[in-house]
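Visitor: I am new to this structure and would be grateful for a guided introduction. May we look at it together?

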Amino acid sequence: MLIAAIGSIPLIMTLGNSMLIPILPQMKSELKLTQMQVSLTITVFSIAAAIFIPILGYLSDRFSRKIIILPALILYGLGGILAGIASSSFPHPYAWILVGRTFQGIGAAGTAPIAMALTGDLFKGGEESRVLGIVEASNGMGKVMSPILGSLLGLVVWYSVFYAFPAICLVSILLTWIFIKEKRHRQAPPPFPNYIRGLLFVFKKEGRWLLVAYLAGATCLFTLFGILFYLSDILEKQYKIDGVIKGLILAIPLLVMGTSSYITGAKIGKNQVTMKRMIVLGFTLMTISYVFLSFFNEKLIPFLFILVLSSIGTGFVLPCLNSLITGSVGKEKRGFVTSLYGSVRFIGVAIGPPIFTRLMEWSQTGMFLTIAALTFVVGFLSLTLIHAQKSGGGSKEKQKQAFRYNYV
């Protein structure tokens with residue numbers, strides 16, 4: 001139940017964007033919006049999350065994870081209620097929807113990244129990697145369920161999706177409140193100047209590979225949400241597919257990614273060399289997939305089969321990044337470092353739909369070749385700049401402290 005409670009937290013964050021994707025064409029039609037205005041409902045959520053994640057991450061280091069997670073979940077639910085009421089009652093609801101989505105983004109800032117730090121607090125070694133794999137798989141399963149759930153709710157009325165958020169948040173709030181138990185006697189946090197000096201020291205020592213890891217996470221989420229945005233649009237415009245069938249199709253690559261994440265997290269243990277290899281392999285699969293998609297973007301079945309390859313690659317990359325980054329610092333700074341990682345992931349989500357909108361207007365073939373070039377470059381940077389500690393090398397104390405710094 002503890003793992004279920006932790007897994008429910010990133011699930012809530014995932015639903016914030018993925019559940020909206022199937023109903024975006026309906027929203028565009030009902031509110032008479034442009035494609036760019038519709039994409040902003042994803043972007044404002046993600047930008048708000050990206051801004052507030054480091055702030056809430058620091059506060060979770062300063063106080064406790066649970067004290068941050070619970071109010072964040074409540075704010076997330078309230079943002080959904082505001083967007084729902086505006087959509088159903090206001091004559092011009094678009095601006096209020098963006099306000100509600102902003103509140104949801106701030107709430108999302110206190111969910112998945114802090115859940116990663118909490119996992120690092122409560123589990124160690126191979127068990128930590130396994131639970132982080134479950135957390136990433138929960139994230140993926142949320143992406144699988146959300147387009148189906150969003151499509152089903154859209155059959156009632158498009159804005160019913162907003163009212164679903166507080167109901168789902170309530171479940172996570174109860175699980176978190178009841179089953180997550182942190183230590184009663186926490187070590188007194190260091191003074192703020194010492195905390196900042198410690199963070200600067202960590203980034204001075206490990207900054208090169210950490211920045212590459214952050215870029216890798218952002219690239220995975222950028223391409224994932226960009227492709228989903230593109231797929232949602234062409235399913236309705238080009239193939240006249242909507243409703244639950246559309247949600248099921250959108251769920252296929254996400255199901256593959258979630259399954260791949262779970263298996264990867266269960267198998268990597270604490271072997272950092274394996275993690276690095278899986279990251280490079282993942283980006284290689286993504287690059288191959290996007291190159292071939294440029295030739296099959298007019299044929300739906302081959303397109304989906306090839307897209308699955310990139311989903312497998314993303315599932316290889318994300319759990320390995322989670323384990324490396326969560327283990328990069330000691331407990332007293334883990335919240336900030338993992339939250340900064342979450343922040344750049346959200347930036348990837350935020351820029352995905354608007355950039356893909358422009359690329360779609362330019363050239364579909366050019367779009368796929370451009371993102372293939374991006375994943376190739378990030379994969380090469382991961383190969384050359386992420387340095388993994390070989391298991392069995394050095395003293396036991398050095399192995400124990402690999403990627404962990406506890407500077408006060």
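This is a predicted model: local features need pLDDT of at least 70, side-chain atom pairs count only at pLDDT 80 or more; totals for chains, interfaces and linings use all residues.

Guide: Residues are numbered from 1 along each chain as its sequence is written, and side-chain values use heavy atoms, with hydrogens and water left out.

Visitor: How many salt bridges does a search of the whole structure find?

Guide: Side chains of opposite charge can pair when their charged atoms come close. A salt bridge is counted where a side-chain nitrogen of Lys or Arg is within 4 Å of a carboxyl oxygen of Asp or Glu. On that basis, the number found in the whole structure is 3.

Visitor: Which residue forms a salt bridge with E236?

Guide: E236 lies in helix 9 and its partner in helix 10, so the pair ties together parts that are 10 residues apart in sequence. Helices are DSSP runs (H or I, at least four residues) numbered from the N terminus. The closest N and O atoms are 2.9 Å apart, and the partner of E236 is K246.

Visitor: Is K246 buried or exposed?

Guide: Buried means under 20% relative accessible area, exposed over 50%, and partly exposed in between (1.4 Å probe, protein chains only). E236 has 24% and is therefore partly exposed. K246 has a relative accessible area of 1%, so K246 is buried.

Visitor: In which helix do R358 and E361 both lie?

Guide: These two residues form a salt bridge with their closest N and O atoms 3.3 Å apart. They are 3 residues apart, about one turn of the helix, and both lie in helix 13 (residues 331–362).

Visitor: What is the phi of K240?

Guide: Most residues other than glycine have a negative phi. K240 lies in the loop between helix 9 and helix 10 (243–268), and it counts as exposed because its relative accessibility is 66%. Although K240 is not a glycine, its phi is positive, at about 55°.

Visitor: Which helix gives the most to the nonpolar patch?

Guide: Such a patch joins nonpolar side chains (Val, Leu, Ile, Met, Phe, Trp, Tyr) within 5 Å, from residues with over 30% relative accessible area and no salt bridge. The patch covers about 750 Å², and its residues include I74, W96 and Y163. Helix 4 (65–89) and helix 5 (94–108) each give two or more residues. With 4 residues, the one that gives the most is helix 4.

Visitor: What is the volume of the second largest cavity?

Guide: On a 1 Å grid over the protein atoms alone, a cavity is a set of points where a 1.4 Å probe fits but cannot get out, and lining residues have an atom within 4 Å of a point. The lining here has 6 nonpolar, 3 polar and no charged residues, and its largest share, 4 residues, comes from helix 12. The volume, the space filled by probe spheres set on the points, is about 60 Å³.

Methods
On a 1 Å grid over the protein atoms alone, a cavity is a set of points where a 1.4 Å probe fits but cannot get out, and a pocket is an open set with protein on both sides within 12 Å along at least five of seven lines; lining residues have an atom within 4 Å of a point. Ala, Val, Leu, Ile, Met, Phe, Trp, Tyr, Cys and Pro count as nonpolar, Asp, Glu, Lys and Arg as charged, and the others, Gly among them, as polar. Patches are made of residues with over 30% relative accessible area and no salt bridge: like charges are joined within 9 Å, nonpolar side chains (Val, Leu, Ile, Met, Phe, Trp, Tyr) within 5 Å. Accessible areas come from the Shrake-Rupley method with a 1.4 Å probe; for residues, only the protein chains shown count as cover.
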